[in-house]
Amino acid sequence: MVSSRFAGAILTCALPVFAQPSYVSHPDRQAAVKEAFQRSWDGYYQYAFPNDTLRPISQTSQNDRNGWGASAVDAISTALVMENQAVITQIVDHIQTIDFSATVPGSESVSVFETTIRYLGGLLSAYDFLTGPLSDYVTDQTSVDKILQQAISLADILSVTFVTPSGVPINTLVYGADGYAVGDDTTNGIATIGTLVLEWTHLSDITGNDKYANLTQVAEDYLLNVRNPDVGEPFPGLIGTDVNITTGLFTDSSGGWNGGTDSFYEYLIKMFVYDQDRFGEYRDRWIAAADSSIKYLASHPTSRPELTFLAAYNGPNDLSFVSTHLACFDGGSFILGGLTLNSQDYIDFGIGLVEACHETYTATVTGIGPEVFYWQDNKLPANASNNGPPPSGSSDFYATAGFWIPSGAGDYVLRPEVIESFYYAYRATGDTKYQDWAWEAFLNINATCSAGVGFSSINDVNAPGGGGFTDFQESFWFAEVLKYSYLIQADDEEWQVNAGHNNKWVFNTEAHPFLVKGTPI
């Protein structure tokens, strides 16, 4: 681990420590992922476009993200790195037509967080690529300029949610006939507050207008410098979940690396990668969170003590031995932090988390990991109130797998986090086993989730055939699962994660790559 006290000195005096590994490309695997992307896109474009989401079995659409074409905008950066000219053209043409001042009927409630990571993130990534290394794919500069104008228009509309007594935004904006009204939320979560700063800061850096960065950084300060640490910071660097919008004070002491908190921690180290000259405090807070996670949250199942998961917490004296598919990004975060800070300890710990999340895939009938899983910690007494054994029906599974799936929590909604962490492990080490793991995961998802004219979420990863389909193809299937599945098998490019302190790009939480502002690190 790296003490935050010495991190600056280490970065100044010790670069470079890690050499860029050699990588292997697999054209056959790339082609298979491209085929899955094309089939998903063709189904969406024929039956759902320009709406948000494809229902691949019923061959219908759903506007779950306000009707601006979420799947199209979320797919743009993947189409670009795959160099899919036809799809790039279709999406860029669509972006010209989006009216962010209105939603479709029945989808008037806008999530600032989801809109930022999917729409704003996709637009900014497309603009970076099309004004940079992939500019040949759209030669009409007016169309490229319009992409940036759309990003500005969207952020300007969302900006009203930051007009609160504290500057902590309200996550809900409701569209109506007379304009926009913020929701009546009294709190906001650290993920939905703390996963705006990369996108909005990048918009400021592109446009030269610092208002976007300032809005999100004022809000972020309540998370970086907790005003009531007796409640809001139960461990150094590890904070609660919800913040009062009026006061900026934390309302609880619960948290971890699961949904609702996850991408706050993800962005701490990514902001430092984006610009180390401005965001040293973010680095220091990531180090504090990482060190506390290793010291207080690392947990090993009684049946598989070689595995490492991160527990959740409700205050400093109450751990919950539960994790999620969402949390499996944590291995990638530790690996990126280790690469950035020259810490083999962080890389090794991250690799351990990656290997444990890999086990959540290999143990199930479908070879896909569940949404939620539990384990019994091997350090606490077995009769501790927060450390119960698995239900009787899960005992045999737990004995071999090291986790069990609670009833009703075995679904898979086309999430990327396990493959995402395989990607970071591969880029850090060059070890081809992570390519093989990603390929196996892709094959299993391809076999189980293929449905109708695309791919669908499934009900139960531990049931034959996935236990049935939900008939829903998430937009992040395009943005994340297919991108990471492709990049881990692909040739080296400047936007790939770099282990040799030359990261010219950083990925937002939706896997949209942004050009860094500072010196590549």
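## Report on a predicted model

Helix H18 (residues 475-487) contains 13 residues and spans 18 Å from its first C-alpha to its last, close to the 18 Å expected at 1.5 Å a residue; the expected span is 1.5 Å times one less than the number of residues. Helices (H or I, at least four residues) and strands (E, at least two) are DSSP runs, numbered from the N terminus. Of the 13 residues of H18, 13 are buried, so the helix is largely enclosed by the rest of the structure. Buried means under 20% relative accessible area, exposed over 50%, and partly exposed in between (1.4 Å probe, protein chains only).

The model is predicted: local features need pLDDT of at least 70, side-chain atom pairs count only at pLDDT 80 or more, and totals for chains, interfaces and linings use all residues. Residues are numbered from 1 along each chain as its sequence is written, and side-chain values use heavy atoms, with hydrogens and water left out.

### Largest pocket

H18 also takes part in the largest pocket: H18, helix H5 (112-130), helix H7 (190-194), helix H11 (262-274) and helix H16 (417-429) each supply at least two residues of its lining. H5 gives the most, with 4 residues. The lining comprises 21 residues, and Phe-113, Asp-262, Leu-326, Glu-417 and Thr-509 lie nearest the centre of the pocket. The space in this pocket is about 330 Å³. On a 1 Å grid over the protein atoms alone, a pocket is an open set of points with protein on both sides within 12 Å along at least five of seven lines, a 1.4 Å probe being used for fit, and lining residues have an atom within 4 Å of a point. The volume is the space filled by probe spheres set on the points.

### Sheet E3-E4-E5

An open sheet is formed by 3 strands in the order E3-E4-E5, with antiparallel pairing. Strand E3 (109-111) and strand E5 (179-182) are at the edges with a single partner strand each, so one side of each has no neighbour in the sheet. On average, neighbouring strands here are turned by 30° against each other, direction ignored; axes are lines fitted to C-alpha atoms. Strand E4 (residues 172-176) pairs with E5 over 4 bridges in the antiparallel sense, where pairing requires at least two DSSP bridges between the strands. A hairpin of 2 residues joins E4 to E5. Across this pair, Gly-176 stands opposite Gly-179 and Tyr-175 opposite Tyr-180.

### Salt bridges

A salt bridge is a side-chain nitrogen of Lys or Arg within 4 Å of a carboxyl oxygen of Asp or Glu. By this rule there are 15 salt bridges, including those in the table.

| Pair | N to O distance |
|---|---|
| Lys-211 and Asp-156 | 3.1 Å |
| Arg-283 and Asp-284 | 2.9 Å |
| Arg-304 and Glu-359 | 3.3 Å |

Lys-211 in helix H9 (residues 211-224) and Asp-156 in helix H6 (residues 141-158) are 55 residues apart, and their pair links distant parts of the chain. Lys-211 is partly exposed at 37% relative accessible area, and Asp-156 is partly exposed at 35%.

Arg-283 counts as buried at 12% relative accessibility, whereas Asp-284 is partly exposed at 26%.

The salt bridge between Arg-304 and Glu-359 also links distant parts of the chain: Arg-304 is in the loop between strand E9 (298-299) and strand E10 (309-310), and Glu-359 is in helix H14 (residues 344-362), 55 residues apart. Arg-304 is buried, with a relative accessible area of 16%. Elsewhere, salt bridges that share partners join Arg-65, Glu-114 and Arg-118 into one network.

Notes
Axes are lines fitted to C-alpha atoms, for helices over the stretch in contact, and angles run from 0 to 180 degrees between N-to-C directions.
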